[in-house]
Each structure stands twice: as C-alpha cells, then as structure tokens.
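Q: Can you walk me through this one? I'd like to start with confidence and then go on to packing.

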Amino acid sequence: MGDLHNALVTYGPIAVFLGAAFEGQTAVIAGGFLAHQGLIPLWLTLVAAAVGSALIDHGLFLGGRRFRTAKYVIAAAQTPAFAKALQFIERFPISYIFAFRYLFGLRMVSPIAIGVSQVSTLSFTLLNIASAVLWAVVFTAVGYWFGETIEATFGRFKGMEHRLTVAAVVLVGVVVVFHLGKWALPRLKTRFSR
C-alpha cells in the first residue's frame, strides 16, 4: 500500500488536473475525496481542478474564435440549434459562461460556441476563470463531504479507506481514459481516412 500511497500523493494533483480538463466532475469529486483522506492537500486539489478546467475551456474558446470564419463553422452556425444557442449566448453571456460546465453534453462544445459569438476574449477569460474556480470549489467540496459521509458510514470498518481510495482512483482513471478515447478516436479515424 506504500507504493499506492506515494503514487496518489505524487500524481493525484496531475490526475485531478487532467480529469478536470477532459472529463469533468468525476475527477474533481474523486480529488475532493482524496483530499479528505489526506492524500492530496485540499488547496492543491482546488487549484488543479480550476486550472485544468479553465485552460481547456480557454483553448476551446480560442479554437472557436480562430476558426469562426471557416466554411464548416459558418454552415454549422446556420443550423437552427446552433443559431438558437448563439442567440442565448449573446443574450445571457455571463449566465451561460457560469452554467455550461454543469450542463451535461455541453461542456466541450460550449466554449467553442462562445468563441464563435460576439463575447470578447477579455470578458470570456475573466468569466471563465471565475466560473472554473466556483466549479472547482463546488465539486471538490462534494468529494470532500462524500469522504466524511463514507467515514461516518463505514467508520467501524477500519482498513476500508485504502480500498475506497483505490476504487476512486481506478474509477477516475477509467473515466479519463474512456473520454480521451472518445475524443481521440474520431480524430484519428478522420486523419487516417484521408
């Protein structure tokens, strides 16, 4: 168990950072759980989650901004659903930037859509940072409190902490690998089908 403990202490913040960037809530909740177990400092979990989320979303925003004049983006923007989303973003930019991280299925496409919108880069950057910090606090707290609940519920079963920690790490790893594969496979197919 010593090797696992050392690995969690060393690589836990990196896993939270990558999980927050590519997967989302599950990795951050697991990071909060690990912080409750004393394996990762709580402040480091919060920073890793906020920075991971803010960086990926800013990159996607810049991609949307850079390619908003491309033919395929213009064509996509003219579809009813995309046009409606853009109207909503233009009308309620602050609310949308704070909300999209919590909306299932919109996490990765929203920053791109915001990049296509008229929201300025400075406005998005500032709101994105504030939103990422709030999001990190919410889901890290959920994981931290989940750890308290686990301890209260299973406190009489000493030794379960390590098993639960291993299960949480394995779960985060599986989810991150699944989402990375889901993201990378279409790109690889497109690249090799040319």
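**Confidence and packing**

A: This is a predicted model.

Q: What does the protein average in pLDDT?
A: The average is 82, and 84% of the residues score at least 70.

Q: And how should I treat low spots?
A: Where pLDDT is low, the predicted coordinates should not be read in detail.

Q: OK, packing. Which residues make up the largest nonpolar core?
A: That core has 10 residues: F61, I89, Y96, I97, F100, A113, I114, V119, F124 and L127. Two or more residues each come from α6 (93-99), α7 (109-116) and α8 (121-154).

Q: Where is the other core?
A: It lies apart from that one and has 9 residues, including V16, A20, A48 and F139.

Q: Back to F100. What does F100 touch?
A: Leaving out residues up to four places away in sequence, F100 touches D57, L106, R107, S110, P111 and I114. F100 also belongs to one aromatic cluster with F88, F92 and Y96.

Q: How many aromatic pairs does the structure hold?
A: There are 7. One of them joins F88 and Y96, edge-to-face, with 6.0 Å centre to centre and 70° between the planes.

Q: Are those two buried or exposed, and why?
A: Y96 counts as buried because its relative accessibility is 9%, under the 20% cut-off. F88 is partly exposed, because its relative accessible area is 41%, which falls between 20% and 50%.

Q: Switching to α2. How many residues does helix α2 have, and how far does it reach?
A: Helix α2 (residues 25-36) has 12 residues and reaches 17 Å from its first C-alpha to its last. That is close to the 16 Å expected at 1.5 Å a residue.

Q: Is α2 largely enclosed or open, and why?
A: Of its 12 residues, 9 are buried, so α2 is largely enclosed by the rest of the structure. The buried ones are A27, V28, A30, G31, G32, F33, L34, A35 and H36.

Q: What follows α2?
A: G38 does, and its phi is positive, near 80°.

Q: Last one, Y11. Where does Y11 lie?
A: Y11 is in helix α1 (residues 2-22). Y11 is exposed, because its relative accessible area is 54%, over the 50% cut-off. Y11 and I40 are 29 residues apart in sequence, and their C-alphas are 9.3 Å apart in space.

Terms used:
Residues are numbered from 1 along each chain as its sequence is written. This is a predicted model: local features need pLDDT of at least 70, side-chain atom pairs count only at pLDDT 80 or more; totals for chains, interfaces and linings use all residues. Side-chain values use heavy atoms; hydrogens and water are left out. Helices (H or I, at least four residues) and strands (E, at least two) are DSSP runs, numbered from the N terminus. Buried means under 20% relative accessible area, exposed over 50%, partly exposed in between (1.4 Å probe, protein chains only). A nonpolar core is a set of buried Ala, Val, Leu, Ile, Met, Phe, Trp, Tyr and Cys residues joined through side-chain atoms within 4.5 Å. Contact means heavy atoms within 4.5 Å. pLDDT is the predictor's confidence in each residue, from 0 to 100. The expected span of a helix is 1.5 Å times one less than its number of residues. Rings of Phe, Tyr and Trp (its six-membered ring) pair if their centres lie within 6.5 Å; planes under 30 degrees apart count as stacked, over 60 as edge-to-face and the rest as tilted.
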